[in-house]
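Visitor: Could you take me through the strand pairing and the helix packing of this model, step by step?

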Amino acid sequence: IAMSDEEKNIIFGGPQITDFTKFVGSLGELLLFQLNTNQDKVGIIDGITGRKVTYKEIKEKALHLAEYFRQNGIKAGDVIGICSENRLEFPYTVYGALLVGATITTINLLYTEREMIHTIQLTRPKVIFGTELAIERLTDVARKCSGVEKIIQYGDKALVNGIPVFNDILNDKRYAKPEEDFVHPPEDLDRSALIMMSSGTTGLPKGVQITERNILSTLAQSVDARNELYQEEVELIILSIIPWFHVYGLMTLISSSIGGIILISLPRFDEHLFLSSIEKYRATHVFMVPPLMVFLAKHPLVSKYDLSSLKELYCGAAPLSKEVEKAVMDRIPNITAIRQGFGLSETTLSVLSTRGVKTKPGSVGIVSIGTYCKVIDPETGKILGPNEAGELCFKGPQIMKGYMGNDSATRDTIDSDGWFHTGDVGYFDEEKFFFIVDRLKELIKYKAFQVPPAELEDLLVSHPKVADAAVIGLPDENAGELPMAFVVKQPKVDVTEKEIKDYIASKVTNYKQLRGGVRFINEIPKNPSGKILRRELRLLVKNPQSKL
């Protein structure tokens, strides 16, 4: 069939060679097979305690937990919630759930009560596992939500009366059964394996349903990419501090366990711990976000540690400037490549990645294997050519099933031809390398976190002294963007910047606070249909003299 000129600009990432669905009927089956294959190897190192866990131990703990689920009436299709920092219990829980065909939903540790209730009511978990840091809040919130049958606390000392602790379950002999008695996970590749919460611009997060097929395709894509890139087998020792409650972190975890990779896990960023873990365990690769790259480029501490084991850095979650990229390569000369990628919760992991030998500073790479991409004019839908910026759209086996309980949002995002519209603006060059320009959807990216302006605007307008408000991201070298508010006061009242900032701080999680400050103006610029013209506000920040 002859292609139209427009269709020639649809870019294909090349055929997928690996196909796990030919060998396994479920993700749980693949996981068990791989844990068995690599059982004598170290799988995860707890960077805080130095404890090393082999794949055999991960397998035994996951099977034990699967048996616990089975005996406690958790069956395929039930939802299990996890609210925790990165720690060893987290993968045991995820893998135990996969082995019985249950669905995992993660609850961001930083959520306020309002966001937590929303997540639990949307995803309806039967059991929630929580860290000591969140157990009291979870217990309070669960009382307000129907359907939560049990809360289990990670660790070995109960902080809340009557709440079972994880270690007691692991030590309970009733759940230790020989592997051959293990019940096989159901074979339904289109079931939701994960429900990940994605920040929508329109306020509260949406539940992204990621299927077993989505995950198996993503894993296959990374196997293919690794085979293309590395001629010989490379020993990968990866340091990960990306939270596992975030899709980027969780997919890294699953992919490492399937790939027989050593993963060094840290629950949070601490300058000394981060650098000493690279030095002590001879990490070869690190999953990064742009603020960590700025740290590597500029912080005086970095030169006090031996980082000579590092080979490559992967960077995602927000665009990385080529200046910072160059500064890191100059400072740590043994790093051979910095590989950026681009993806969303809705695409399981990445749809664009720097997966070839060639990399380009500032580029998020080329289209992922097995994936189609087109750049369209957001107004007309016309397919654009090289160096023409437009909305990025993707089609491929890693695109989510849809938003939980929200068909209209799904239809707004995935069109009738199966194209997923990202709401991100970018372009590709002559060599089909992609660059991200801006976001249609206006999300503010503070560090690796996404802050929806609409949520903050709704809260601001609910303040008795505020007549109208708009929020934009103030560019900031270290954090990416800082949420900044423009506020119109109610007539004849006085209100200070501090009063507004404190009010927001009392209502939202830490990363959504108005670190960019508050400016008072006479009116918020809007288009005829009432949409805020954020471009004009951005110009106002760039050029404070211009009056609105």
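Visitor: Which residue in β11 is the bridge partner of aspartate 46?

Guide: This is a predicted model, in which local features need pLDDT of at least 70, side-chain atom pairs count only at pLDDT 80 or more, and totals for chains, interfaces and linings use all residues. Residues are numbered from 1 along each chain as its sequence is written, and side-chain values use heavy atoms, with hydrogens and water left out. Strand β2 (residues 42–46) runs parallel to strand β11 (residues 262–265), and three bridges join them, where strands are DSSP runs of E with at least two residues, helices are runs of H or I with at least four, both numbered from the N terminus, and pairing requires at least two DSSP bridges. Within β11, the partner of aspartate 46 is serine 265.

Visitor: Which are the edge strands of the open sheet of nine strands?

Guide: The pairing in this sheet is mixed, and the order is β3-β2-β11-β10-β12-β13-β14-β15-β16. An edge strand here pairs on one side only, and that applies to β3 (52–54) and β16 (366–367).

Visitor: Is strand β25 largely enclosed by the rest of the structure, or what else explains how many of its ten residues are buried?

Guide: Buried means under 20% relative accessible area, exposed over 50% and partly exposed in between, with a 1.4 Å probe and protein chains only. Strand β25 (residues 480–489) is largely enclosed by the rest of the structure, because the number of its ten residues that are buried is eight.

Visitor: Which residue in β26 is the bridge partner of valine 487?

Guide: On one side, β25 pairs with strand β24 (residues 466–476) in the antiparallel sense over ten bridges, and a hairpin of three residues joins β24 to β25. β25 also pairs with strand β26 (residues 518–520), in the parallel sense and over three bridges. In β26, the partner of valine 487 is phenylalanine 520.

Visitor: Are α4 and α5 parallel or oblique to each other?

Guide: The axes of helix α4 (residues 113–123) and helix α5 (residues 135–143) come within 10 Å and cross at roughly 55°, the axes being lines fitted to C-alpha atoms over the stretch in contact, with angles from 0 to 180 degrees between N-to-C directions. The contact (heavy atoms within 4.5 Å) is made by Glu113, Met116, Ile117 and Ile120 of α4 and Arg137, Leu138 and Val141 of α5. Angles under 35 degrees count as roughly parallel, over 145 as roughly antiparallel, 65 to 115 as roughly perpendicular and the rest as oblique. The two helices, α4 and α5, are therefore oblique.
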